[in-house]
Amino acid sequence: MCIMNLDLHSSQSTRYLQVYDYYKELILSKKLPANSKMPSIRRCAEQLGLSRTTIETAYLCLAADGYIISRPQSGYYVTNRAFGSKSVHTPSALHTPSDAFIYDFTSGNVDADAFDFNLWRRYIKSALRQDKRLLSYGESQGEYELREVIAEYVMNKRNAVCRPENIVIGAGSQALLNILCPLIKDRNKVCFHDAKFKQGMVIFEDYGFQITASQEEADILYMTPSHMTSLGDVMSVEKRLALLKDSMAHDRLIIEDDYNNEFRYFSKPRPCLQGLAGGENVIYLSTFSKLLLPSIRLSFMILPDSLLPLYESKKSLYNQTASKAEQLALCQFLRDGHLDSQIRKLKRLYTNKAVTLSNELKTAFGDDAVISLGESVFLVHLKIKSALSNSELQAKAKAAGIRVFASPKQEKGYAHIALSCSEVPIDEYPNAVKLLKEVLKNDCPL
């Protein structure tokens, strides 16, 4: 086996990507020939002084791209497939290319240590042992027992009003919107509160809906009340009730995308619009991708009773897009109470990361800046004395290889940006803050 020579102090990429790139290069250069055995996860972690989760994430990426394969009770081996194609892939679904940005503080990707892969693997293996069930196609609406568990969860945690019959499961929000749009085609104009949600807009445009920026003109409102802006602002209960009253008066249908509702610092999650409306005139969307893994594409939609007859008449024409095995695994995962423990784990992890990043910023910028934790547990706000506007500061940081959010509210004499702590490893914060300070030194009184 080749001796490892990794620069783990480099700021060019996260650690699991360095391990991924290192082994990919060895495989493509044939220094690791086909069928040779990879070092065990435990051994590799000990040699590099990294966590087993970091090594496992790198190996999973290598396996996903076809460079290695897992053999039960034996380990990982280099595949022949790696030498048969000139096309080189990177795990782009998990990260922004390192040559584009050194530190991405806008990423919504999860921390490499945020998920217990071994636990999830046990549930997947258990689902795969249900041979007879896996020989048939999944239910077009989603497996009934999973819909039962989801109904209980959203009623208890989000005050939703629903039965399993109201729930439709799909592989992501786009798949669900493709089912929804034909059900509401009697309406014409849709207003997206978050104009950056292009993936949703394109679905409505494909079905002939007109996108409008005016809520008054629209007869469909696409709202994200638990994440109103990129800075994680949350709609108050008072405003939610006013929105429901106005929508009812003007016959506007609301699509509630309950994005990031679990991750609040200073308050409990507010009641969802769907529950406040008694289950009527609101279509509820949510996903498990943020709580578990982005690659687990399991989302769900709650239809109001008024749309159920039309959906029932059409649902046999729709194929289920979500994996049946993953649905069965998630059902038992939820039944065993692991989602609640996962939420608690994520809150502890990201709270610790946010506090650490906040302290680094306070040390670097001192009295010339106001640093605060955002409503979302992912965000840290930096408001610093500067002649630059928020967007100008964001652009300067971007030019230096750092992505940050710019506050939509401009305050004279201050530049206000926010940093998401989710993806950037905690041990890279000192270097990231040092680089950010260098970016600002000519424009802010440091």
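β5 (residues 189–192) and β7 pair in the parallel sense, with 3 bridges between them. This is a predicted model. The β5–β7 pair belongs to an open sheet of 7 strands with mixed pairing. An open sheet of 4 strands, with antiparallel pairing, is also present.

**The 7-strand sheet**
- The strand order is β4-β10-β9-β8-β7-β5-β6.
- β4 (167–170) and β6 (210–211) are the edge strands, and each pairs on one side only.
- V168 has M301 in β10 as its bridge partner.
- Helix α7 (residues 173–183) lies across β4, β7, β8, β9 (282–287) and β10.
- The direction of α7 is at about 30° to β10.

- β7 spans residues 220–223, and both of its faces are covered.
- I220 and Y222 are buried on one side, while L221 and M223 are buried on the other.
- In a regular strand, side chains alternate between the two faces of the sheet.
- β7 pairs with β8 (residues 253–257) in the parallel sense, over 4 bridges.
- L221 of β7 stands opposite C191.
- L221 also stands opposite I254 in β8.

**The 4-strand sheet**
- Its strands run in the order β11-β12-β15-β14.
- The edge strands here are β11 (369–373) and β14 (405–406), each pairing on one side only.
- β11 and β12 (residues 379–385) run antiparallel and are joined by 5 bridges.
- The bridge partner of A369 is I384 in β12.
- Helix α14 (residues 390–399) packs on this sheet and touches β12, β14 and β15 (414–420).
- The directions of α14 and β15 make an angle of about 50°.

**Helix α4**
- α4 covers residues 117–128, 12 residues in total.
- From first C-alpha to last, α4 reaches 16 Å, close to the 16 Å expected at 1.5 Å a residue.
- Which residues of α4 are buried? They are F117, L119, W120, Y123, I124 and A127.
- Seen down the axis of α4, these buried residues fall within an arc of 165°, so they line one face of the helix.
- D116 caps the N-terminal end of α4.
- In this cap, a side-chain oxygen of D116 lies 3.2 Å from the backbone nitrogen of N118.

Terms used
Residues numbered from 1 in each chain as written. Predicted model: local features only at pLDDT ≥ 70, side-chain atom pairs only at ≥ 80, totals over all residues. Heavy atoms only, no water. Helix = DSSP H or I, 4+ residues; strand = E, 2+ residues; numbered from the N terminus. Expected span 1.5 Å × (residues − 1). Buried < 20%, exposed > 50% of the residue type's maximum accessible area, 1.4 Å probe, protein only. Arc of directions from axis to C-beta. Polar contact = N/O pair within 3.5 Å; in protein donor to acceptor, adjacent residues only side chain to side chain. Pairing = 2+ DSSP bridges. Contact = heavy atoms within 4.5 Å. Axes fitted to C-alpha atoms, helices over the stretch in contact; angles between N-to-C directions.
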